[in-house]
Amino acid sequence: MDCGPACLRMVSKYHRRNIKLQTLRDLCEIDREGVSLFGISDAAEKIGFRSLGVKISASEIREAELPCILHWRQNHFVVLYRIRNKRYYIADPGAGLIVLSEIEFTRNWLEMADNDLGIALLLAPSPQFYEQDDEREPNINWTFLMRYLVSYRKLAFQLLFSLGIGSLFQLITPFLTQSIVDVGINTRNLSFVYIIIIAQSALIVGRVSLEFIKSWILLHISTRVNISILTDFLIKLMKLPISFFDSKMTGDIMQRMSDQRNIEIFLTGSTLPAVFSMFNLLVFSVVLAHYNLYIFLVFVISSFLYIGWIWLFLNQRRILNYKSFEVMSRNQSSMVQLINGMQEIKLNNCEQQKRWEWEHIQARLFKFNVKTLALNQYQQGGATLINEGKNLLITFLSASAVIHGNLTLGAMVAIQYIVGQLSTPIEQMLAFIQDFQSAKISLERLNEIHQMRDEEPIEKLFNHLIPENKGISINKLTFRYPGAGNDPVLENINLYIPQGKTTAIVGMSGSGKTTILKLLLRFYEPQEGDIKVGNQLIGNISYKTWRNQCGVVMQDGFIFSDSIEKNIAVGDEHPDRSKLDHAVKVANIESFISGLPLGFNTKIGAEGNGLSQGQKQRLLIARAVYKDPHYIFFDEATNALDANNEKIIMDNLTKFFEGRTVIIVAHRLSTVSNADNIILLNNGRISEQGTHLQLAALKGEYYNLVKNQLQLDG
């Protein structure tokens with residue numbers, strides 16, 4: 001979904017300006033469907049480009065000013081940055097830098113195009129482009145991560161102590177091994193050998209015990225760090241505006257949450273062992289140099305070659321990591337969709353088609369795994385050759401030194417042990433570098449979320465009291481959903497919702513009824529005009545304070561995988577039984593609950609599995625009633641109920657509504673006929689308003705709606 005902003009960022013970088021991707025996302029007005037070419041063009045002009053959207057042929061594109069942005073395969077955006085010798089150089093946000101022949105380029109760009117004309121956005125920087133300052137990428141705050149370890153410093157010190165003792169045990173071992181050969185064997189002193197073997201056995205037992213202790217400590221630290229990182233991410237996620245979740249895929253958010261595992265591995269599995277790897281490397285290097293300087297130099301040179309070889313693959317690993325995130329995110333979304341949509345899949349006999357779509361994602365995942373395996377094999381193959389070559393050369397040099405009398409046999413055995421021990425710190429340091437890279441990429445993704453503006457920022461002072469005059473006034477309100485070129489859903493709305501009265505909003509589908517409710521519930525901020533509660537702007541009231549006073553039943557209300565009691569008394573740790581009884585009575589769901597084996601304690605499935613649509617709606621109505629708010633917002637709250645249930649519930653609600661400010665959105669006009677004021681919306685504008693009798697007497701649009709419904713009902 002980011003391909004449009006990513007292309008614009010690449011073109012900006014080409015012209016020597018750095019602009020943050022998040023800035024371009026905001027300027028492009030990206031949404032869940034991605035971004036249009038118009039959105040990219042609009043964003044480009046805001047940052048100082050002159051832009052021109054064109055339909056041109058493959059021959060004409062060769063005359064265009066490059067780089068330019070192409071609409072690729074009718075579903076993607078790429079940058080064309082060079083044409084040379086009939087070779088086309090493409091920067092694809094999804095695939096990297098690619099070079100295509102003229103035939104391949106034409107096939108991809110003009111696929112399904114009309115009259116062999118492809119769509120392109122030509123960009124040229126204006127003087128304004130260079131007048132603006134570069135944006136710095138946010139620095140990754142590693143000290144912020146280290147605070148997670150500091151919180152468990154006692155356990156960390158215990159782990160460091162166990163690693164230190166383990167290093168000491170390893171340091172003693174080569175000297176004991178040398179003494180067995182040089183003293184025990186040369187002097188034929190079996191008693192001495194016994195003593196050394198017992199000492200080595202004690203060291204082995206000590207090392208194994210330390211490994212047990214170290215594993216337990218590491219488990220405690222890693223589990224706690226893991227939970228802390230994830231908790232902080234969820235806290236941040238829950239502080240974001242509701243509109244954020246309208247533009248993010250479920251799989252994307254879930255994959256970011258999985259990403260914290262890389263950070264936890266880096267903090268607990270790599271950082272602490274890497275500290276002692278450096279210590280071991282230093283100590284054993286000194287000991288090796290003491291035994292033989294030439295062998296030490298061979299080890300140093302081969303280690304640099306080994307590290308250099310691994311380093312060559314880090315950039316490719318980074319690219320694969322980003323591709324992995326995209327594929328895994330799609331896989332997550334696909335699995336959630338398959339499971340949640342199984343009923344619709346089976347009803348529409350599209351099992352094979354949906355399975356093939358899933359298998360297509362698995363094929364991409366397999367290709368990615370093949371590339372990862374190939375990279376690992378090249379890396380591991382070269383590393384093994386360097387490592388084994390080093391071992392052979394050191395063995396030869398050691399043997400030569402023994403033959404020439406420059407080294408004892410025991411010292412040769414000790415050197416072999418030391419070289420083996422030196423290989424471990426090198427491996428750990430390389431693992432640290434790779435884990436650092438993965439953690440850095442994961443932290444960048446988490447930082448994208450952490451750097452987003454909270455719904456209720458600390459620096460802004462909000463009122464925590466609702467005004468005494470609880471009437472709502474909407475003045476000259478215009479609103480359109482995010483996405484460049486979208487038409488206004490609401491246009492120049494002026495409306496007063498009096499305190500303690502019931503206001504109904506009716507109209508055809510797409511007329512903007514639910515949008516008004518979402519603006520009143522502060523899913524979004526109005527682009528023009530304002531909404532006031534009494535004399536106070538609704539934007540100055542704390543979100544929590546406002547929502548505490550709002551009871552809401554939306555069309556797509558969510559039922560949690562929990563007991564019926566907890567679903568009605570959401571957020572109440574110890575539900576009030578009298579309030580529960582009252583809520584279920586108003587919602588006319590008493591008989592259903594009393595007929596269940598466990599009553600209020602009966603568990604229901606995720607999103608209300610096991611409940612009919614009517615039962616779900618009644619449960620959501622009971623939830624709103626239990627909350628006992630001043631404001632009630634109902635969006636098609638009874639459209640799934642039969643006429644008998646609807647009449648009983650509406651009669652019950654009429655008593656409950658007394659003294660409360662109620663806004664009802666409905667298609668069924670029978671549910672709003674008793675409202676104090678009825679608003680008729682048509683294409684985002686108020687066309688009529690008044691009581692049921694007043695509007696019926698006008699014989700206008702409302703009258704026709706009532707007439708059509710009566711005919712349909714008849």
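Which strand is Asn492 found in? The views below come from a predicted model, and the opening one takes up this residue.

**View A. Asn492, a residue with positive phi.** Asn492 belongs to strand E8, which spans residues 490-497. Its phi is near 55°, a positive value in a residue other than glycine. Asn492 has a relative accessible area of 43%, so Asn492 counts as partly exposed.

**View B. Arg522, in a loop and with positive phi.** Look for Arg522 in the loop between helix H16 (513-520) and strand E10 (528-533). The phi of Arg522 is near 70°, again a positive value in a residue other than glycine. Is Arg522 buried or exposed? Arg522 counts as buried because its relative accessibility is 3%, and the cut-off for buried is under 20%.

**View C. The cis peptide bond between Leu66 and Pro67.** Here omega is about 0°. Pro67 sits in the loop that runs between helix H4 (58-61) and strand E2 (68-72).

**View D. The largest nonpolar core, with 45 residues.** Ile568, Phe634 and Leu653 have the most contacts inside this core. Helix H21 (residues 613-627) gives the most to it, with seven residues. Leaving aside residues up to four places away in sequence, Leu653 touches Val586, Ile621, Val625 and Phe634. As background for this view, nonpolar side chains tend to be buried together in soluble globular proteins.

**View E. A second, separate core of 30 residues.** Among the members of this core are Ile516, Leu521, Val533 and Phe633.

Technical notes: Residues are numbered from 1 along each chain as its sequence is written. This is a predicted model: local features need pLDDT of at least 70, side-chain atom pairs count only at pLDDT 80 or more; totals for chains, interfaces and linings use all residues. Side-chain values use heavy atoms; hydrogens and water are left out. A nonpolar core is a set of buried Ala, Val, Leu, Ile, Met, Phe, Trp, Tyr and Cys residues joined through side-chain atoms within 4.5 Å. Buried means under 20% relative accessible area, exposed over 50%, partly exposed in between (1.4 Å probe, protein chains only). Helices (H or I, at least four residues) and strands (E, at least two) are DSSP runs, numbered from the N terminus. Contact means heavy atoms within 4.5 Å.
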